[in-house]
Every structure is written in structure tokens, then in C-alpha cells.
Amino acid sequence: GDIEVTVDPPPISNVFNDNSWDIIKQAVNDGVASSYWKVGDRKAVTLNGTVGIKSFSNTTTYCYILGFDHNKGVESNGAHALHIGFGASALSGGAYIAYVDGNYFSQTAASCFNMNTSSTNSGGWNSCQMKSTICPAFKNALPSDLKSNIRAVTKWQNNGNSTSGQSSSNEIWLLSEMEVFGSATYSNYTANQVQYDFYKGVTDWSAAPTIKHKDTSTSKAVWWWERSAHSSSSNFFCLVNAGGYANFGHANFSYGFAPCLCL
């Protein structure tokens with residue numbers, strides 16, 4: 001008769017970078033991811049495609065673990081989840097980075113790393129071109145084995161120039177002011193959000209991973225966007241400035257792009 005052959009799954013490596021995304025996703029689903037890896041562990045990712053006006057061609061970048069089962073009752077409907085942030089310039093050491101385009105730190109009406117093509121936060125994250133255009137383009141630039149394992153998560157943030165909330169389903173998103181700092185200086189909205197473990201326990205923001213550098217020039221610190229809107233002005237979204245502190249900027253300026261995803 002036929003002989004039944006069972007094939008054992010590949011072993012899980014304690015080195016995050018040494019695992020395929022399929023193995024990582026299985027460990028997440030099984031609820032064992034945090035017994036193998038820790039917050040801040042990095043993995044190489046190869047980007048190919050155009051995001052806004054920025055082109056990636058076999059560009060190696062590095063992502064890192066933001067948290068395990070982060071806010072899972074709200075965000076992943078109670079399911080186990082692994083939250084991933086971008087990026088870093090090396091597998092270890094190096095600099096934390098945000099991606100910048102040719103219009104960095106300037107006003108633009110083009111589809112660049114700006115939140116909107118005009119200086120408005122009307123409708124907040126749910127209505128901005130960063131969510132509708134730039135984030136999906138980044139997803140398309142990811143390798144297929146990562147793309148196929150992305151889990152959509154529910155994120156909350158304030159609804160534009162207000163302190164009322166909105167929820168959204170996201171595959172690629174930006175961090176909120178609350179998720180970075182554990183407080184909401186300019187968005188004044190903390191509901192349904194939790195500070196990421198990656199940023200917890202940080203007391204000196206000037207020495208923290210809030211400081212991100214240009215992906216193209218890691219000696220240069222940059223301003224990088226958050227999805228939170230300024231709660232008392234219709235022109236601004238929140239961001240992290242080059243010193244690593246909470247700030248805000250005109251919605252139609254191109255600043256650093258630091259996307260996140262979830263498995």
C-alpha cells in the first residue's frame with residue numbers, strides 16, 4: 001500500500017532575520033512568537049516599486065518588531081499579531097530611518113510623502129492621500145511572501161481638526177502620536193490606542209528610537225509623519241521632529257515616511 005510521509009515544518013530560528021515570513025506568521029498564529037524573538041529584532045526586506053515619486057529597485061531595508069499582540073482586543077479582534085515598523089539602515093546598529101523623497105521638507109501638491117496635496121487635515125487619517133495612495137503603493141513594493149501574510153488591523157485616531165475619534169482598517173499605516181509617546185500633546189486623542197512596547201520606558205527622547213534619519217543619508221535626522229491630526233488647527237498633522245520630539249507640520253509638506261504593518 002501507499003506509505004504516508006509526513007514532513008515536519010521547518011524549525012523556527014531564534015534569529016528573527018533567519019526565518020521566512022511564512023514561518024514567522026505561523027509562529028504568530030500559534031501564539032509563540034514572543035518566546036523566540038524580542039521587541040526591536042530586525043529583518044531584511046527588499047523593496048521594488050514606486051511609492052509616490054520615490055523609486056525602489058532591489059533596495060534592501062530593515063524592519064523591526066514594534067510589539068507582540070499589541071492592543072489586540074481593539075486592533076486584531078483578539079487574534080495574535082506581530083506589529084512591524086520601518087525602518088533601519090542595518091541588521092544591527094546603524095540608524096533608524098524614514099524614507100524621504102526629492103521634495104523632502106518642501107511644500108508640494110504632488111503625490112509625495114505629504115499627508116495631503118493641500119494644507120488640510122479635514123477628515124483626518126481616513127481621508128488623507130497618505131492613507132489612500134502612498135501606503136498602498138508601499139505595500140505593492142514589498143516582497144510577495146511578506147505581502148501575503150499582512151493582517152489588516154483596526155486603528156483609531158482623531159477625526160481631523162477635533163478630539164473626536166475615527167476608526168479605520170489598515171494594512172499599511174503610520175504610527176499615531178499616542179503610539180509613539182504614550183501621550184497626545186497636539187492630537188489630544190488617546191482612546192483605543194496604546195503606546196508601542198518599542199517606545200515604552202523611554203525618558204530621554206533625544207536618545208530614543210524616535211529619532212529617524214534619511215534612508216539616503218543616515219547622518220541626517222529627519223521629521224517624520226504620524227497619522228494623528230492636529231486637534232486645534234485644520235492645516236496640520238502631527239509628526240516627530242528631527243530631535244525626536246512631538247511636533248506638527250503642514251499637511252502638504254513632504255516629510256519622512258515611516259510605515260508599519262502587522263502579521
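User: Buried here means under 20% relative accessible area, exposed over 50%, and partly exposed in between (1.4 Å probe, protein chains only). Going by that, which residues are buried in α1?

Analyst: W21, I23, I24, K25, A27 and V28 are the buried ones in α1. This is a predicted model, where local features need pLDDT of at least 70, side-chain atom pairs count only at pLDDT 80 or more, and totals for chains, interfaces and linings use all residues. Residues are numbered from 1 along each chain as its sequence is written, and side-chain values use heavy atoms, with hydrogens and water left out.

User: What covers the buried residues of α1?

Analyst: The cover includes α2 (33–36), β1, β2, β3 and α6 (144–147). Those labels are DSSP runs numbered from the N terminus: helices are H or I with at least four residues, strands are E with at least two.

User: And α1 lies across which strands?

Analyst: Helix α1 (residues 21–29) lies across β1, β2 (54–68) and β3, running at about 115° to β1. Helix α5 (residues 129–141) lies across β1 and β3, also at about 115° to β1. Axes are lines fitted to C-alpha atoms, for helices over the stretch in contact (heavy atoms within 4.5 Å). Angles run from 0 to 180 degrees between N-to-C directions.

User: OK, the sheet. What's the order of the four strands?

Analyst: It's an open sheet, β1-β2-β3-β12, with antiparallel pairing. β1 (42–51) and β12 (260–262) are the edge strands, each pairing on one side only. Two strands pair if DSSP finds at least two bridges between them.

User: How many bridges join β3 to β12?

Analyst: Three, with β3 covering residues 82–88. G85 stands opposite C260 there.

User: Switching topic: which residue takes a positive phi in the hairpin of β10 and β11?

Analyst: G244, near 90°, with five residues between the strands. Five bridges join β10 (residues 236–240) to β11 (residues 246–250), and they run antiparallel. C238 has F248 as its bridge partner in β11.

User: Which residues is N29 in contact with, leaving aside its neighbours within four places in sequence?

Analyst: H80 and R151. The side chains of N29 and R151 are joined by a polar contact of 3.5 Å. That term means a pair of N or O atoms within 3.5 Å; within protein, one must be able to donate a hydrogen and the other to accept it, and residues adjacent in sequence count only if both atoms are side-chain atoms.
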